[in-house]
Amino acid sequence: MTIHKEGKSLLFWTLIVLAGINIGLHQLIPEMDLFLNLFLLGSIILYLAVLQFFRNPAIPLPDDPQLIYAPADGKVVTIEKTLEDEFLNEERVQVSIFMSPINVHVNRSPITGILKYFKYHPGKFLVAWHPKSSSDNERTSLVIEHPSGVQLMVRQIAGAVARRIKWYVSEGDPLVQGHEFGFIKFGSRVDVFIPTDAEILVDVNQSTRAGITPLARFKA
């Protein structure tokens with residue numbers, strides 16, 4: 001288990017602040033042992049909660065050109081046909097994965113291909129399961145072109161708590177299935193717009209793991 005680079009600075013300063021507060025309280029009210037011990041316990045729990053959020057476990061990288069893997073850890077909250085009108089301009093099956101604060105928040109490429117389109121959209125911070133969060137919230141849109149020529153859109157969406165989307169790719173970059181392309185802090189959602197002729201392999205309320213859980217299979 002490693003700690004993601006997005007969390008290292010925050011974890012360092014969180015440790016400094018919590019240690020400083022605890023030391024200061026021991027200096028100001030040394031006689032209140034119960035309160036001090038409870039505050040120390042709370043500080044440890046808080047720090048461990050932040051620490052687990054930024055964990056970045058190693059995974060066995062997939063290598064199956066026929067499968068579309070989950071780009072995020074979380075739970076499938078939507079599987080429905082929709083018109084993707086930002087870039088693809090056609091009907092697709094939208095599979096949405098909600099990432100709670102206890103999930104790993106690394107985002108991984110669902111397929112191998114070339115990043116044909118990327119756009120960052122500033123926006124609102126509605127709760128991630130809100131129907132309009134896909135179109136109104138702060139988000140990024142990525143379109144990856146599979147070697148077969150089929151294009152797949154992935155959308156990172158910020159939520160009410162998650163207000164920091166990170167991405168590490170640019171248009172024209174090659175993406176490898178299962179490799180990291182971004183990160184979202186503190187709860188969010190990722191949408192995948194899958195061709196309608198693909199075989200969907202997940203159900204609503206099913207848990208997913210990025211780069212491990214297959215969402216769909218391309219038409220043979």
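**Before selecting anything**

This is a predicted model, in which local features need pLDDT of at least 70 and side-chain atom pairs count only at pLDDT 80 or more, while totals for chains, interfaces and linings use all residues. Residues are numbered from 1 along each chain as its sequence is written, and side-chain values use heavy atoms, with hydrogens and water left out.

**Stop 1: the whole chain**

Of its 220 residues, 46% count as buried. Here buried means under 20% relative accessible area, exposed over 50%, and partly exposed in between, with a 1.4 Å probe and protein chains only. The chain exposes about 11,000 Å², of which carbon and sulfur atoms supply 60%; accessible areas come from the Shrake-Rupley method with a 1.4 Å probe, and for residues only the protein chains shown count as cover.

Contacts, defined as heavy atoms within 4.5 Å, may be considered next. Among those in the chain with a separation of 6 or more, 70% are between residues 24 or more positions apart.

Now colour the chain by pLDDT, the predictor's confidence in each residue, from 0 to 100. The mean for the chain is 88, and 90% of its residues reach 70 or more. Which elements have the lowest and the highest mean pLDDT? Helix H3 (residues 133-136) has the lowest, at 60, and strand S3 (residues 67-69) the highest, at 97. Where pLDDT is low, the predicted coordinates should not be read in detail.

**Stop 2: helix H1**

Select residues 5-28, which form helix H1. The expected span of a helix is 1.5 Å times one less than its number of residues. Within H1, the buried residues are Glu6, Gly7, Leu11, Thr14, Leu18, Asn22 and Leu25. An α-helix has 3.6 residues a turn, so residues three or four places apart point the same way. The cover over the buried residues of H1 includes strand S1 (2-3), H2, strand S10 (165-167) and strand S12 (180-184).

**Stop 3: helix H2**

Move to helix H2, residues 33-53, and pick Phe39, which lies in this helix. Phe39 is partly exposed, with a relative accessible area of 28%. Beyond its neighbours within four places in sequence, Phe39 is in contact with Ile21, Asn22 and Leu25. The C-alpha atoms of Phe39 and Ile21 are 9.5 Å apart, although 18 residues separate the two along the chain.

Next select Leu34, Leu38, Leu41 and Ile45, which make a nonpolar surface patch of about 430 Å². Patches are made of residues with over 30% relative accessible area and no salt bridge: like charges are joined within 9 Å, and nonpolar side chains (Val, Leu, Ile, Met, Phe, Trp, Tyr) within 5 Å. Leu41, one of the patch residues, is partly exposed at 47%.

**Stop 4: two loop residues**

Most residues other than glycine have a negative phi, and most peptide bonds are trans. Asn89, in the loop between strand S4 (74-84) and strand S5 (90-99), has a positive phi near 55°. Asn205, in the loop between strand S14 (199-200) and strand S15 (207-208), has a positive phi of about 80°. Asn89 is exposed, at 53% relative accessible area, and Asn205 is exposed, also at 53%.

**Stop 5: salt bridges**

A salt bridge is a side-chain nitrogen of Lys or Arg within 4 Å of a carboxyl oxygen of Asp or Glu; by this rule there are five. Select Arg155 and Glu84, whose closest N and O atoms are 3.4 Å apart. Arg155 lies in strand S9 (residues 151-158) and Glu84 in strand S4, so the pair ties together parts that are 71 residues apart in sequence. Arg155 counts as buried at 7% relative accessibility, and Glu84 as buried at 2%.

Finally, select Glu90 and Arg92, which form a salt bridge at 2.8 Å, N to O. Glu90 is partly exposed at 36%, whereas Arg92 is buried at 3%.

Notes:
Helix = DSSP H or I, 4+ residues; strand = E, 2+ residues; numbered from the N terminus.
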